[in-house]
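Here are my notes on this one, in the order I'd go through them. Have the viewer open as you read.

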Amino acid sequence: MTETIKNFKAKPLAIWGLFFFTYVLFIFILSYLYPYGADEYILRRQTLWGALEQYFFSYGVENARIGLIANNIILYLGKWSFLILNPIVQTIWILSFFALVHLRLPDFKKLSDFPAVLLIALLSVFAVAQPDNTLFWIGGACNYSWSALPFLWILTWLRLEYKAKGNLNLSKKAIAGLFFIALALGMSSENSGPLTMGLIVCFAAGFYMAGLKLKKHFWLTALGLALGIGLLFGAPAMWNRLNTDIFDYFNNSSLRDKLLWHISHIHFYIKAMFLIPVITFIALLICALDKDKPARFKNENYILAVIFFICSWILACVLFAVPFITGRCFYTASVAALISFVFTLIYLQEAYKFQAVKYCSMLALACAIAFTPAFVYPYINLHRQDKARQNDIAQAKGRGSKTVFLMPYKYIKGPNDNLTIMFYDPVFGFIGYSDYLGLRVQTDEREEALSLYMFSNPNVI
């Protein structure tokens, strides 16, 4: 009897362990299958100082995001470091998302939190914008999914401040940590930092109108965020980007053309997330019209669902002004939309006694299992093409040849446009590829043009 009780208690831990092992293995495999692209060859340096120096160069020329430092160091250490770190970061991402929603970590001694964690994990891979660019590509992960961690942490801190009515007691180490996390968030991207600053301003204004005071660490954290935003937007690289032809093209275009771009972007943003923003909006609207639930506008989960839904569209709409963008630019907006979706499910669970999280996690698992073969195979195919290319390069060097003929990669379409690989082939994406290899690269111009066209229009594959 005692042995049976012990086995029963151990069962939840075994299920949790199997889940995290599967998730980590999945992230590891797809990160491994994703080869070096044009950016990796451009940014790779032979020394650690060279890697750091590359960031300072980029700060003044092209990219000022702090994630580039992690990207450069990983490229210097080798891809093995990314294969170790990326699954860890993505696991922390899941736990941080859960902590934001529940203000605690999951209870691993029981399975009551398992459906929520499972749902978040599946959404983190299949429902975020352009996962191959934002999760499995080194440059993308460092600048998008990795930088989402400080975003989630600062939002969690704001919720804790609200719960404590501004009386949250923190140690000096915690305050210093918050300052640097906020600083990193401010320098992480052009959208999440300003959005969070907007939330902090609204938060402070609400406290002021309620006659409540905020402690000094609140303002210190806000200062760290403001400093990070200032360092990002004040970088010469940001102004260099604004002076590119694409912005001139936008400014000189007609209003009709701009509206057509907006419609296209809105369509991709919604479609990329399997209509989750639409489902969330409908659910929130129905709940708002339900007069049998008069407390809905006072329910914290419902209010947070609405706030994050609005935030997701603010983040997305900022990008609608740009005529040509890649799907990964919607990453932070998609994360905010997913947060809103989960809060909506929790509200439905509370208000209507319906196990919304449980059933959605089961549906998401069934969809993920169905999508996985079509999602993973293009990565396997791309890895095979890369291996064949590396073999051709090795053979050319072995023969003492000064020229190598390389075919551009061809990309197989995934389950949908969002889950289709958008890989930056160095053959046509990096003009210094020949110098890097020490060989003159030749390719079929027709194949190169076709490959570039398919990269720009993955739905035609």
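1. The second largest pocket comes out at about 510 Å³. Its 15 lining residues include Tyr162, Phe203, Ile303, Leu304 and Ile307, the closest to the centre. A pocket here is an open set of points on a 1 Å grid over the protein atoms alone, where a 1.4 Å probe fits, with protein on both sides within 12 Å along at least five of seven lines; lining residues have an atom within 4 Å of a point. Points are joined across faces, edges and corners, and the volume is the space filled by probe spheres set on them.

2. A word on provenance: the model is predicted, with local features needing pLDDT of at least 70 and side-chain atom pairs pLDDT 80 or more, while totals for chains, interfaces and linings use all residues. Numbering starts from 1 along each chain as its sequence is written, and side-chain values use heavy atoms, without hydrogens or water.

3. Helices H9 (148-163), H11 (192-209) and H17 (300-318) each supply at least two residues of that pocket's lining. Helices are DSSP runs (H or I, at least four residues), numbered from the N terminus.

4. Now H5 (79-102), which, like H4 (67-77), supplies at least two residues of a nonpolar patch. H5 gives the most, with five residues.

5. Which class does Leu85 fall in, buried or partly exposed? Leu85, in H5, counts as partly exposed because its relative accessibility is 36%. Trp93, also placed in H5, is buried, at 1%. The cut-offs are under 20% relative accessible area for buried, over 50% for exposed and partly exposed in between (1.4 Å probe, protein chains only).
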